[in-house]
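Take a look at the structure first, and then we can go through it topic by topic.

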Amino acid sequence: SGNAALWRGRGPSRGAAFERSERVRVRDRERERMSFAARGLFAGARRAAAQQGQRRNGSTSSKGGFWSEGTKEKTDGLLFGESPPAAGQSRKWESWEAPWYATLVGSVVLLTLGLSAKPNNGITSWAKEEAMKRRYGN
C-alpha cells in the first residue's frame, strides 16, 4: 500500500528522490574535480619550486632558500652594500629615487592641505552649535 500511495501522488514522488540523488552525484563529481584540480595545482607549485632551486644552485635541494645563511663570506659593513662616494663627490641618485621623493613630497602636501581644509562636521561640533543656538537664541 506504501508503493501505491507513491504512484498515486500521495507522498514523496519518485522524481524528487531521483533529483535528490542526481544532485548528490553532481556534487560528488564536482568535489572530485576540485580535488583533482587542487592536486594538480600543488604538484605544479612543487615542480616550479624544484626548478627554481635547480636554477639557483644547481640542485633540487632546499639549500640556499630565503632563510638560509647566505653565500657572502664576510660583510663589508656598508649600508645596503653601497660604497661611499669619493671625498668631495656627492652620491649619485638611482633612477627610482627622484620619482619616489617627488611622490612622497606631493603626498605630504596634498594631505596637509586637504586635511586642513576638511569641514568640521562631527557630532560634537554640531552639538556645540546647537547648544549655543538654544542658549543664546542665535
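This is a predicted model: local features need pLDDT of at least 70, side-chain atom pairs count only at pLDDT 80 or more; totals for chains, interfaces and linings use all residues.

Let's start with L104, which sits in helix α3, spanning residues 97–116.

**Overall picture and confidence**

- The protein has four helices and zero strands, so the order of elements from the N terminus is simply written α-α-α-α.
- The average pLDDT of the protein is 79, and 76% of the residues score at least 70.
- Which elements mark the two ends of the confidence range? Helix α1 (residues 2–7) has the lowest mean pLDDT, 54, while α3 has the highest, 97.
- Of the 138 residues in the protein, 2% are buried.
- The protein has an accessible surface of about 13,200 Å², and carbon and sulfur atoms account for 59% of that area.

**The nonpolar patch**

- L104 belongs to a nonpolar patch on the surface, together with W93, W96, W100, Y101 and V108.
- The accessible area of these residues together is about 700 Å².
- As a general point, an α-helix has 3.6 residues a turn, so residues three or four places apart point the same way.

**Salt bridges**

- How many salt bridges does a search of the whole structure find? The search finds six.
- R91 pairs with E82, and their closest N and O atoms are 2.9 Å apart.
- Both partners of that pair are partly exposed, because R91 has a relative accessibility of 34% and E82 has a relative accessible area of 36%.
- R29 forms a salt bridge with E22, with 3.6 Å between the closest N and O atoms.
- R29 counts as partly exposed because its relative accessibility is 40%, and E22 falls in that class too, at 27%.
- E22 and R29 are also part of a network of salt bridges that includes R25.
- D28 and R27 form another salt bridge, their closest N and O atoms being 3.8 Å apart.
- At 32% relative accessibility, D28 is partly exposed; R27 is partly exposed as well, with a relative accessible area of 41%.

**Helix α4 and what follows**

- Helix α4 covers residues 123–136 and contains S125.
- Is S125 buried or exposed? S125 counts as buried, because its relative accessibility of 15% is under the 20% cut-off.
- The side chain of S125 reaches the backbone oxygen of N120 at 3.4 Å.
- Helix α4 is hardly covered, with one buried residue among its 14.
- From its first C-alpha to its last, α4 reaches 20 Å, close to the 20 Å expected at 1.5 Å a residue.
- After α4 comes G137, which has a positive phi near 75 degrees.

Note on methods: Residues are numbered from 1 along each chain as its sequence is written. Side-chain values use heavy atoms; hydrogens and water are left out. Patches are made of residues with over 30% relative accessible area and no salt bridge: like charges are joined within 9 Å, nonpolar side chains (Val, Leu, Ile, Met, Phe, Trp, Tyr) within 5 Å. Accessible areas come from the Shrake-Rupley method with a 1.4 Å probe; for residues, only the protein chains shown count as cover. A salt bridge is a side-chain nitrogen of Lys or Arg within 4 Å of a carboxyl oxygen of Asp or Glu. Buried means under 20% relative accessible area, exposed over 50%, partly exposed in between (1.4 Å probe, protein chains only). A polar contact is a pair of N or O atoms within 3.5 Å; within protein, one must be able to donate a hydrogen and the other to accept it, and residues adjacent in sequence count only if both atoms are side-chain atoms. pLDDT is the predictor's confidence in each residue, from 0 to 100. The expected span of a helix is 1.5 Å times one less than its number of residues.
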